Amino acid sequence: MIEIYLLEALCALYDYGTLSAAAEHLHISQPALSRSMQKLEDLLGVSLFDRTKNRITLNETGRMAAVMSRRILESEEDMITAVRNYDSSLHTVSAGYCTPGPMMEMPLNLTQIYPKMKVSSEMENEEALLKGLKSGKYGFVILSHAYEDEDTICIPCGSESLYFSLIPAHPAALFKNQGLSFSQMNGETFVMAGEIGIWRDLTMQMMPDSKFVLQDSLEALTAVINASTLPAFASDLTIRLFRSRENSSRIFIKITDPEATMHYHCVILKKNRERYERWITFLEERFAQ
């Protein structure tokens with residue numbers, strides 16, 4: 001049986017080219033690395049190197065062996081990740097979100113549906129969410145669009161609409177009943193949370209002439225909004241959840257662009273349907289068309 005450390009050593013030689021550089025990377029001596037490579041050759045029964053008086057280099061067979069070693073090491077990493085994710089799934093409901101709004105509300109529902117399970121939440125871009133779903137990192141993910149393939153099921157799970165948060169003295173406050181478009185507020189300076197998922201890219205794209213003062217935490221954002229006259233953002237969901245934290249004199253004006261409303265979808269692997277049947281039923285009953 002070939003031990004993993006021998007494959008790692010071979011890959012290091014392939015990557016770094018010289019015995020000295022590979023040994024330094026592996027934090028071992030050159031003689032120790034040389035002995036490891038001799039052991040690997042003995043196990044395989046072939047020569048992997050061209051040796052001269054002062055140099056050792058991989059031959060064609062050695063390069064092929066290094067490529068295969070890399071695949072084995074990657075498979076080992078995949079196995080470790082899969083096993084850890086599976087073990088975590090037995091004790092934890094892990095969810096990935098594309099925006100913070102659902103991540104603020106859905107865990108409350110999950111703890112009621114799965115009272116004996118730990119609930120874990122994380123916000124990521126949608127590409128990373130789908131990758132994490134398929135690797136087992138997440139039990140389900142919340143996307144801003146429908147997604148379904150032969151391996152997944154997709155359940156609509158509500159929407160969220162963006163609002164401008166303004167002081168009453170702001171000139172645009174006159175549009176409270178009509179709503180405002182992104183273009184009407186383009187060029188203003190806004191206070192905005194730094195981590196709001198795809199909302200951040202959307203607002204910056206729709207208002208390219210605006211400036212954004214980013215705040216790292218909800219507490220910092222709330223403090224700045226309460227002390228500032230600058231416009232900010234809210235959503236129908238965050239207004240409902242956190243209205244009491246903000247200055248009560250602020251008014252909220254709905255953004256009229258269709259892009260300002262996200263229609264969320266929960267995506268779950270079909271093979272995990274039974275495990276999340278109670279969650280699926282909850283979503284289907286709550287957000288039934």
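Biologist: S235, buried or exposed?
Modeller: Buried: S235 has a relative accessible area of 3%. Buried means under 20% relative accessible area, exposed means over 50%, and partly exposed is in between, with a 1.4 Å probe and protein chains only. This is a predicted model, so to speak of local features we need pLDDT of at least 70, while side-chain atom pairs count only at pLDDT 80 or more, and totals for chains, interfaces and linings use all residues. Residues are numbered from 1 along each chain as its sequence is written, and side-chain values use heavy atoms, with hydrogens and water left out.

Biologist: Where is the place of S235?
Modeller: S235 sits in strand β9. Helices (H or I, at least four residues) and strands (E, at least two) are DSSP runs, numbered from the N terminus.

Biologist: And what is S235 in contact with, leaving aside its neighbours within four places in sequence?
Modeller: With E160, S161, L162 and Y163. Contact here means heavy atoms within 4.5 Å.

Biologist: Pockets next. What volume does the largest pocket have?
Modeller: The largest pocket comes out at about 570 Å³. On a 1 Å grid over the protein atoms alone, a pocket is an open set of points where a 1.4 Å probe fits, with protein on both sides within 12 Å along at least five of seven lines, and lining residues have an atom within 4 Å of a point. Grid points are joined across faces, edges and corners, and the volume is the space filled by probe spheres set on the points.

Biologist: Which residues are the closest to its centre?
Modeller: The lining has 33 residues, and M104, A193, I196, L221 and T238 are the closest to the centre of the largest pocket.

Biologist: Which elements give two or more residues to that lining?
Modeller: α5, β6 (152-166), β7 (189-193), α8 (198-206), α9 (218-227), β9 (232-235) and α10 (236-242).

Biologist: Change of topic: how many aromatic pairs does the count come to?
Modeller: The count is 9 aromatic pairs. Rings of Phe, Tyr and Trp (its six-membered ring) pair if their centres lie within 6.5 Å; planes under 30 degrees apart count as stacked, over 60 as edge-to-face and the rest as tilted. One of the pairs is Y114 with Y276, edge-to-face at 6.4 Å centre to centre and 80° between the planes.

Biologist: Where in the chain do Y114 and Y276 sit?
Modeller: In distant parts of it: Y114 is in the loop between α5 (100-113) and β4 (118-123), Y276 is in the loop between β11 (261-269) and α11 (277-286), and they are 162 residues apart. Y114 and Y276 are both buried.

Biologist: Why is the pair of F140 and Y276 edge-to-face?
Modeller: Because their planes are at 85°, with the ring centres 6.2 Å apart. F140 lies in strand β5 (residues 140-143) and Y276 in the loop between β11 and α11, so this pair ties together parts that are 136 residues apart in sequence. F140 is buried, and so is Y276. One aromatic cluster is formed by Y114, F140, Y276, W279 and F282.

Biologist: How many salt bridges does the count come to?
Modeller: There are 8 salt bridges, each being a side-chain nitrogen of Lys or Arg within 4 Å of a carboxyl oxygen of Asp or Glu. Among them is K39 with E3, where the closest N and O atoms are 3.0 Å apart. K39 is in helix α3 (residues 30-44) and E3 in the segment before α1 (4-16), 36 residues apart. K39 is partly exposed at 33% relative accessible area, and E3 is partly exposed at 38%.

Biologist: Which residues are linked in a network of salt bridges?
Modeller: E105, R240 and R286. The side chains of E105 and R286 meet at 3.6 Å, N to O. That pair joins helix α5 and helix α11, with E105 and R286 181 residues apart. E105 is buried at 14% relative accessibility, whereas R286 is partly exposed at 40%.

Biologist: Last one: which are the buried residues of helix α2?
Modeller: In α2 (residues 19-26) they are L19, A22 and A23. Seen down the axis of α2, these buried residues fall within an arc of 100°, so they line one face of the helix; the arc is that of the directions from the helix axis to the C-beta atoms. What covers them includes α1, α3 and β2 (56-58). Just after α2, H27 takes a positive phi of about 60°.
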